[in-house]
Amino acid sequence: MRAVECRRGNLTLISTEHARVFEKISQMDSYPVSKMSERERQLAEELYQMDVLDQVGEGSGIGFRVITQRKIL
């Protein structure tokens, strides 16, 4: 289990499988769906529904990226 920050700034617990996909996507600016396995796509979609990932692109260039948190100082 791992805690990650979601879109609204709340902490969300994710499983080990989700954490592997999250790490893979966070190392790149945007991770295209075409490079993912079917299982990785499913886990990324679940992370997107939990507001941890953001979906970017259109058509065949769809991918996922980690939502960046902007904090006001």
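Me: What does the side chain of aspartate 51 make a polar contact with?
Reply: In this predicted model, the side chain of aspartate 51 makes a polar contact with the side chain of arginine 8, at 2.9 Å.

Me: And where is aspartate 51 found?
Reply: Aspartate 51 is found in the loop between α2 and β4, and, leaving out residues up to four places away in sequence, it touches Cys6, Arg7, Arg8 and Ile67.

Me: Does it count as buried or exposed, and why?
Reply: Aspartate 51 counts as buried, because its relative accessibility is 17% and the cut-off for buried is under 20% relative accessible area.

Me: Switching to helix α1, which residues are buried there?
Reply: Helix α1 covers residues 16-26, and the buried ones in it are His18, Ala19, Val21, Phe22 and Ile25. Looking down the axis of α1, these buried residues fall within an arc of 165 degrees, so they line one face of the helix.

Me: What do the buried residues of α1 pack against?
Reply: They pack against the strands β1 (2-5), β2 (11-14), β3, β4 and β5, and also against helix α2 (38-49).

Me: Take isoleucine 25, what is that in contact with?
Reply: Setting aside neighbours within four places in sequence, isoleucine 25 is in contact with Tyr31, Met36, Ala44, Leu53, Phe64, Arg65 and Val66.

Me: Which residues of the largest nonpolar core touch the most other members?
Reply: That core has 15 residues, and those touching the most other members are Phe22, Ile25, Ala44, Leu47 and Leu53. The elements that give two or more residues to this core are α1 and α2, with α1 giving the most, namely four residues.

Me: Back on α1, how about glutamate 17, is it buried or partly exposed?
Reply: Glutamate 17, which is found in helix α1, is partly exposed, with a relative accessible area of 37%. Apart from its neighbours within four places in sequence, glutamate 17 is in contact with Arg39 and Leu43.

Me: How many residues apart in sequence are glutamate 17 and arginine 39?
Reply: They are 22 residues apart in sequence, and in space the C-alpha to C-alpha distance between glutamate 17 and arginine 39 is 9.8 Å.

Me: Last topic, the strands: how many bridges join β4 to β5?
Reply: Four bridges join β4 (residues 53-56) to β5, and the two strands run antiparallel; within this pairing, leucine 53 has valine 66 in β5 as its bridge partner.

Me: And what joins β3 to β5?
Reply: Two bridges join β3 (residues 31-32) to β5 (residues 63-66), again running antiparallel, and the bridge partner of tyrosine 31 in β5 is phenylalanine 64.

Note on methods. Residues numbered from 1 in each chain as written. Predicted model: local features only at pLDDT ≥ 70, side-chain atom pairs only at ≥ 80, totals over all residues. Heavy atoms only, no water. Pairing = 2+ DSSP bridges. Buried < 20%, exposed > 50% of the residue type's maximum accessible area, 1.4 Å probe, protein only. Arc of directions from axis to C-beta. Contact = heavy atoms within 4.5 Å. Polar contact = N/O pair within 3.5 Å; in protein donor to acceptor, adjacent residues only side chain to side chain. Core = buried A, V, L, I, M, F, W, Y, C linked by side-chain atoms within 4.5 Å.
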